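Please read these notes with the model open beside you. They go through the chain as a whole and then through a few of its parts.

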Amino acid sequence: MSSRGGGGQIMLKARTKLTPTSTRTREQLILAGERLFAEQGIDNVSLRQINAEAGQRNSSASHYHFGSKESLVTAISDYRFEHLNERRNAMLAALSPTVEPRPVRTLIEVLVYPIVEEIDNSEGGENFIRFISQVLGHPTISLIGMWRSQFDGSVGQVYHALRAALPEIPDEVFGPRFGLMWMLAVNGLADRQRLGEVAKNTLAFSLPVLFITNLVDSLSGLISAPVSASTLTEIHELRARGERRS
């Protein structure tokens with residue numbers, strides 16, 4: 001019985017090992033799913049539609065590679081975040097090690113510019129940002145795993161570098177501001193991509209560099225804005241109530 005179990009494990013490993021052809025098939029399904037999700041919405045697309053969009057004659061290809069739509073959404077996110085991490089890590093490595101703390105605007109560039117490069121220069125990149133925007137706003141998709149994977153990578157490095165650069169911002173303010181900044185960056189870029197396809201000849205979309213630099217300026221101001229007296233008062237009251245409860 002144990003020998004059959006061992007053989008079963010060997011067969012399972014052999015079956016799940018990806019050949020170059022199956023790797024490309026998986027990538028085609030990822031790109032097709034991302035494209036349809038971006039255009040039609042995550043809830044309005046089936047795995048069968050994704051198979052057809054990817055040109056797969058095997059109607060169960062998506063189910064074989066991913067198992068479910070939720071797993072496909074995760075696979076698309078991982079596929080893109082791997083690219084983003086590579087770019088961000090390269091940008092972080094290029095920063096001068098003698099400058100501490102690192103300038104806030106420079107760190108925001110590290111956060112934003114790889115996203116812009118992915119949109120402009122990668123296969124299917126124009127669909128990526130609209131897909132991620134939908135994921136962030138979806139009512140039932142759990143973002144915990146996505147955030148954890150991002151903070152284990154380059155986003156976490158940017159977060160901690162910004163925290164070191166802004167020690168005067170209370171913890172109760174900094175974390176929510178960082179999350180708000182991330183949402184604003186993603187949704188702002190998604191809106192720019194969506195509207196740009198409709199109004200390509202207008203001034204606003206003939207100057208994409210201006211849009212990006214202005215976005216970086218706005219995010220830098222958001223994360224580093226002085227904390228108001230009313231917000232500080234609320235923080236002190238919350239801390240006091242927490243101390244009394246403990």
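1. From the N terminus on, the order of elements in the protein chain is α-α-α-α-α-α-α-α-α-α-α-α-α. The secondary structure comes to 13 helices and 0 strands. Helices (H or I, at least four residues) and strands (E, at least two) are DSSP runs, numbered from the N terminus.

2. This is a predicted model, in which local features need pLDDT of at least 70 and side-chain atom pairs count only at pLDDT 80 or more, while totals for chains, interfaces and linings use all residues. Residues are numbered from 1 along each chain as its sequence is written, and side-chain values use heavy atoms, with hydrogens and water left out.

3. Of the 246 residues of the protein chain, 39% count as buried. Buried means under 20% relative accessible area, exposed means over 50%, and partly exposed lies in between (1.4 Å probe, protein chains only). Among contacts between residues at least 6 apart in sequence, 70% join residues at least 24 apart; contact means heavy atoms within 4.5 Å.

4. Two packed helices are described by the angle between their axes and the distance between the axes. Here, axes are lines fitted to C-alpha atoms, for helices over the stretch in contact, and angles run from 0 to 180 degrees between N-to-C directions. Angles under 35 degrees count as roughly parallel, over 145 as roughly antiparallel, 65 to 115 as roughly perpendicular and the rest as oblique.

5. How do helix α6 (residues 104-121) and helix α9 (residues 154-165) cross? Their axes come within 10 Å and cross at roughly 165°, and α6 and α9 are therefore roughly antiparallel to each other. On the α6 side the contact is made by V104, L107, I108, V110 and L111, and on the α9 side by V155, V158, A161, L162 and A165. By class, this contact has 10 nonpolar, no polar and no charged residues. Ala, Val, Leu, Ile, Met, Phe, Trp, Tyr, Cys and Pro count as nonpolar, Asp, Glu, Lys and Arg as charged, and the others, Gly among them, as polar.

6. Why is α9 described as largely enclosed by the rest of the structure? The reason is that 9 of its 12 residues are buried. The buried residues of α9 include Y159 and R163. From its first C-alpha to its last, α9 reaches 17 Å, close to the 16 Å expected at 1.5 Å a residue. The expected span of a helix is 1.5 Å times one less than its number of residues.

7. The axes of α6 and helix α7 (residues 125-137) come within 5 Å and cross at roughly 130°, so α6 and α7 are oblique to each other. In this contact I115, E118 and I119 of α6 meet G125, E126, F128 and I129 of α7. The residues divide into 4 nonpolar, 1 polar and 2 charged.

8. Helix α7 is mostly covered, with 10 of its 13 residues buried. Among them are N127, R130 and S133. The 13 residues of α7 should span 18 Å, and its end C-alpha atoms are 19 Å apart, which agrees.

9. The peptide bond from E100 to P101 is cis, with omega near -5°. P101 is found in the loop between α5 (69-94) and α6.

10. Is S149 buried or partly exposed? S149 counts as partly exposed, because its relative accessibility is 32%. S149 has its place in helix α8 (residues 144-151). The C-alpha atoms of S149 and E82 are separated by 10.0 Å, although the two residues are 67 residues apart along the chain.
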